Amino acid sequence: VCSSDLFPSSSSSSSSPAPVVVGSVGVGGVSAADMAIIYPPMMPMPRPPVSSNTAPFARWSEEENRKFLEGSQLFQNDWKKIAEYLGHTKTVAQVRAHMKVVRRQRNKAVMANKVAAEVDRAMAEISNTSLSSS
């Protein structure tokens, strides 16, 4: 099989395009076996082994969480330094994702406390107005 058979030039003397044949012969008269040689199938890339503590959604132990909170106070948003402070048990991406989770939990707790304080204030006003009106 020569390259001119596979890739006909646009300046060829024939005015009709190469026929597309279905069956054992492929485009431009190239057989399926020849196409497999020209374009070998893609092989999947091997994945590195994943240990239980570096799996994408691995749970954080209490010790890891405690060290994470210490590291986040020491290094603020330097994810690499926090990961190193943890002793390389978590990746930088896991540290960043965990910070998002921690911040979301803190925001929920803050909002819950604000709502609770607002409810307490409203209940105190109701009890004060009901006591003063009687």
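Trp 60 is buried, and Phe 68 is buried too. Here buried means under 20% relative accessible area, exposed means over 50%, and partly exposed falls in between (1.4 Å probe, protein chains only).

This is a predicted model, in which local features need pLDDT of at least 70, side-chain atom pairs count only at pLDDT 80 or more, and totals for chains, interfaces and linings use all residues. Residues are numbered from 1 along each chain as its sequence is written, and side-chain values use heavy atoms, with hydrogens and water left out.

**The core**

The largest nonpolar core has 9 residues: Trp 60, Phe 68, Trp 79, Ile 82, Ala 83, Leu 86, Val 95, Met 99 and Val 102. Helices are DSSP runs (H or I, at least four residues), numbered from the N terminus.

Leaving aside residues up to four places away in sequence, Met 99 touches Phe 68, Ser 72, Gln 76 and Trp 79. Contact means heavy atoms within 4.5 Å.

**Aromatic rings**

There are 2 aromatic pairs. The rings of Trp 60 and Phe 68 have centres 5.5 Å apart and planes at 70°, so this pair is edge-to-face. Phe 75 and Tyr 85 are also edge-to-face, because their ring centres lie 5.9 Å apart with planes at 70°. Phe 75 lies in helix H3 (residues 62–75) and Tyr 85 in helix H4, so the pair ties together parts 10 residues apart in sequence. Rings of Phe, Tyr and Trp (its six-membered ring) pair if their centres lie within 6.5 Å; planes under 30 degrees apart count as stacked, over 60 as edge-to-face and the rest as tilted.

Lysines meet rings as well. Lys 67 has its charged end over the ring of Tyr 85, 5.2 Å from the centre. Lys 90 lies over the face of Trp 60, 5.1 Å from the ring centre. The rule asks for NZ of Lys or CZ of Arg within 6 Å of the ring centre and within 35 degrees of the ring normal.

**Salt bridges**

The whole structure holds 4 salt bridges. Each is a side-chain nitrogen of Lys or Arg within 4 Å of a carboxyl oxygen of Asp or Glu. Among them are these:

| Pair | N to O distance |
|---|---|
| Glu 63 and Arg 66 | 2.5 Å |
| Glu 64 and Lys 90 | 3.8 Å |
| Lys 81 and Asp 78 | 3.9 Å |

Glu 64 in helix H3 and Lys 90 in the loop between H4 and H5 are 26 residues apart. Glu 63, Arg 66 and Glu 70 are linked in a network of salt bridges.

Definitions and conventions
Core = buried A, V, L, I, M, F, W, Y, C linked by side-chain atoms within 4.5 Å. Helix = DSSP H or I, 4+ residues; strand = E, 2+ residues; numbered from the N terminus.
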